[in-house]
Amino acid sequence: MRQATARAHSNIAFIKYWGNQDDDLRLPVNPSISMNLDNLYTDTTVLWDDTLASDSLTINGESASGKALERVSKHLDKLRKQLQISSPAQVQSKNNFPMGAGIASSASAFAALTLAAVTAAEVELSERELSALARLGSGSASRSIPAGFVEWHTGKTHGESFAETVVQANYWDLIDVIAIVSDEHKHTTSQAGHPTAKTSDLQNARVAGAAQRLQICKQAIIDRDFSTFTEVVESDSNLMHAVMMTSQPPLFYWKPTTLTIMESIRDWRSEGLAVCYTLDAGPNVHCICISNDADTVRNRLQTLSGVIDVRVANAGGAAHILP
Ligand code: PMV
């Protein structure tokens with residue numbers, strides 16, 4: 001019986017991943033770039049145990065079955081193959097933030113699961129190999145393995161599609177002030193959404209410009225140039241949501257409050273407050289600003305009706321093993 005516990009942080013993409021070249025391998029159609037979120041994380045313990053009849057899973061202390069267990073087991077099958085082991089696993093996972101509320105829980109969950117499972121099997125892998133393996137569970141999980149500001153290379157094969165650090169978390173004091181407008185579980189998960197991306201006439205245009213947007217965003221991070229960053233981050237988020245809304249079936253993740261916040265951010269910016277927005281596959285708005293402005297952004301968000309909670313996260317570190 002071998003056991004390990006790993007912690008991995010959630011991440012917010014500035015240039016988004018939406019759609020795969022290969023759904024099974026989760027090879028994306030475009031590169032992406034993100035920031036880990038330091039106080040939003042998943043802690044996962046994996047115990048490889050020959051005496052178990054099958055894999056088991058608890059999430060936040062409650063036994064999980066159905067789709068959640070199936071997805072974890074499918075990922076464990078891929079890890080077993082890679083690690084050349086056959087034992088079932090007991091998996092215990094805890095999030096310190098609400099699941100399915102637009103804060104990517106699958107990224108931190110599959111990054112922590114991968115690192116814990118590999119470590120418990122007493123196999124040493126490079127960060128690049130761990131990132132590629134985490135990708136098989138959830139694409140964005142590849143970006144929760146390395147530290148800080150992270151780029152995920154598209155790649156054409158399993159080994160080529162991995163994420164690596166662009167700059168460490170303390171390089172730029174960006175803050176993600178997350179306006180929660182709904183804590184309901186989303187109707188269409190990212191996993192179900194990716195295969196629909198190619199049904200939108202706009203997807204080819206979004207993908208064609210993604211590498212260039214990534215370069216602009218990466219350079220803006222390196223230069224700590226917030227105004228260039230703002231322009232490219234909002235544009236990329238809008239492009240992804242335009243694809244979502246024009247897919248078959250159409251995916252509308254926004255709620256009325258989502259739009260109110262986006263408009264308010266544009267107004268606050270015209271008054272001189274440096275803040276921009278980006279949205280994942282959900283209605284909550286990630287408001288990105290520099291640390292000095294975080295309190296102002298949070299206070300203003302709290303005055304908007306429809307905002308039910310506000311979470312604040314700094315840039316975070318790499319996935320790691322807990323003692
Ligand atoms: O890793 P997934 O399958 O949960 O996809 C994540 C998709 C977005 O959050 C919408 C964008 C991204 O790059 O994180």
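Q: Where is E122 found?
A: E122 is found in the loop between α2 (105-120) and α3 (127-135). The model is predicted.

Q: Why is E122 called exposed?
A: The relative accessible area of E122 is 63%. Exposed means over 50%. E122 is therefore exposed.

Q: What makes the phi of E122 worth a look?
A: Phi of E122 is near 60°, a positive value, and the residue is not glycine. Most residues other than glycine have a negative phi.

Q: Which value of phi does R224 have, and where is R224 found?
A: R224 has a positive phi of about 50°, although R224 is not a glycine. R224 is found in the loop between α5 (203-223) and α6.

Q: Why is R224 called partly exposed?
A: R224 has a relative accessible area of 43%. Buried means under 20% and exposed over 50%, with partly exposed in between. R224 therefore counts as partly exposed.

Q: What makes α5 roughly antiparallel to α6?
A: The axes of α5 and α6 cross at roughly 155° and come within 9 Å. Angles over 145 degrees count as roughly antiparallel, so α5 is roughly antiparallel to α6. The crossing is left-handed.

Q: Which kinds of residues make the contact of α5 with α6?
A: The contact divides into 10 nonpolar, 3 polar and 3 charged residues. Among them are I216, C217 and I221 in α5, and F229, V232 and L239 in α6.

Q: What kind of peptide bond joins Q248 and P249?
A: A cis bond, with omega about -5°. P249 is found in the loop between α6 (226-245) and α7 (256-270). Most peptide bonds are trans.

Terms used
Residues are numbered from 1 along each chain as its sequence is written. This is a predicted model: local features need pLDDT of at least 70, side-chain atom pairs count only at pLDDT 80 or more; totals for chains, interfaces and linings use all residues. Side-chain values use heavy atoms; hydrogens and water are left out. Helices (H or I, at least four residues) and strands (E, at least two) are DSSP runs, numbered from the N terminus. Buried means under 20% relative accessible area, exposed over 50%, partly exposed in between (1.4 Å probe, protein chains only). Axes are lines fitted to C-alpha atoms, for helices over the stretch in contact, and angles run from 0 to 180 degrees between N-to-C directions. Angles under 35 degrees count as roughly parallel, over 145 as roughly antiparallel, 65 to 115 as roughly perpendicular and the rest as oblique. A crossing is left-handed if the near helix is turned anticlockwise from the far one by less than a right angle, and right-handed if clockwise. Contact means heavy atoms within 4.5 Å. Ala, Val, Leu, Ile, Met, Phe, Trp, Tyr, Cys and Pro count as nonpolar, Asp, Glu, Lys and Arg as charged, and the others, Gly among them, as polar.
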